[in-house]
Amino acid sequence: GEFAEVERHGHRVVTVLVGSLLDRITCGMFPAARHRVALRPEEVENLKAGPCRVAATLFLRPAPDALLRKPPSPDLGQARVPEMRFSAWQLKTQKRYEKHAPPRPASELV
């Protein structure tokens, strides 16, 4: 797939990106979002004057021994999701995140 530019939003707008855990337990009903932030050249120049966007990240993680299973919902139909402990899910997926390059420092962008 390709990345798509998202329209700028004003105040009172929130963009929620769903992760792989919710994707799994809802059988893909809420797919995980692959995403990145790419600044336009004029936005990089404007970093000297202050931030051009505000981001707040919130990760909700269950306890390591929590059992992951499909939530009861008529919208999920008969889809089957094998139950798994969260700690096992972490081990299964952590390599996916470790292979990414670290972000560049802001000083390199300006």
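Predicted model: local features only at pLDDT ≥ 70, side-chain atom pairs only at ≥ 80, totals over all residues.
Visitor: Hi! What counts as a helix or a strand here?
Guide: Both are DSSP runs numbered from the N terminus: helices are H or I runs of at least four residues, and strands are E runs of at least two. With that in hand, the protein chain reads α-α-β-β-α-α along the sequence.

Visitor: How much of the chain is buried?
Guide: Of its 110 residues, 13% count as buried. Buried means under 20% relative accessible area, exposed means over 50%, and partly exposed is in between, with a 1.4 Å probe and protein chains only.

Visitor: Which residues make up the largest nonpolar core?
Guide: There are 6 of them: Leu 21, Ile 25, Leu 68, Met 84, Phe 86 and Trp 89. α1 and α3 (86-98) each supply at least two residues of this core. A nonpolar core is a set of buried Ala, Val, Leu, Ile, Met, Phe, Trp, Tyr and Cys residues joined through side-chain atoms within 4.5 Å. In soluble globular proteins, nonpolar side chains tend to be buried together.

Visitor: Take Ile 25. What is it in contact with?
Guide: Leaving aside neighbours within four places in sequence, Ile 25 is in contact with Leu 68, Arg 69, Lys 70, Pro 71, Leu 76 and Val 81. Contact means heavy atoms within 4.5 Å.

Visitor: What does its side chain reach?
Guide: The side chain of Thr 26 reaches the backbone oxygen of Leu 22 at 2.7 Å.

Visitor: What about the phi of Cys 27?
Guide: It is near 55 degrees, a positive value in a residue other than glycine. Most residues other than glycine have a negative phi. Cys 27 lies in the loop between α1 and α2 and counts as partly exposed, at 34% relative accessibility.

Visitor: Where is Phe 30?
Guide: Phe 30 is found in the loop between α1 (20-25) and α2 (41-46). At a relative accessible area of 41%, Phe 30 is partly exposed.

Visitor: Why does Pro 31 count as exposed?
Guide: Because its relative accessibility is 53%. Pro 31 lies in the loop between α1 and α2. Leaving aside neighbours within four places in sequence, Pro 31 is in contact with Val 18 and Asp 23. Between Pro 31 and Leu 21, 10 residues apart in sequence, the C-alpha to C-alpha distance is 9.4 Å.

Visitor: Last stop: where does Leu 58 lie?
Guide: Leu 58 lies in the loop between α2 and β1 (67-68). With 70% relative accessibility, Leu 58 counts as exposed. Its C-alpha atom is separated by 9.9 Å from that of Val 16, which is 42 residues apart from Leu 58 along the chain.

Methods:
Residues numbered from 1 in each chain as written. Heavy atoms only, no water. Polar contact = N/O pair within 3.5 Å; in protein donor to acceptor, adjacent residues only side chain to side chain.
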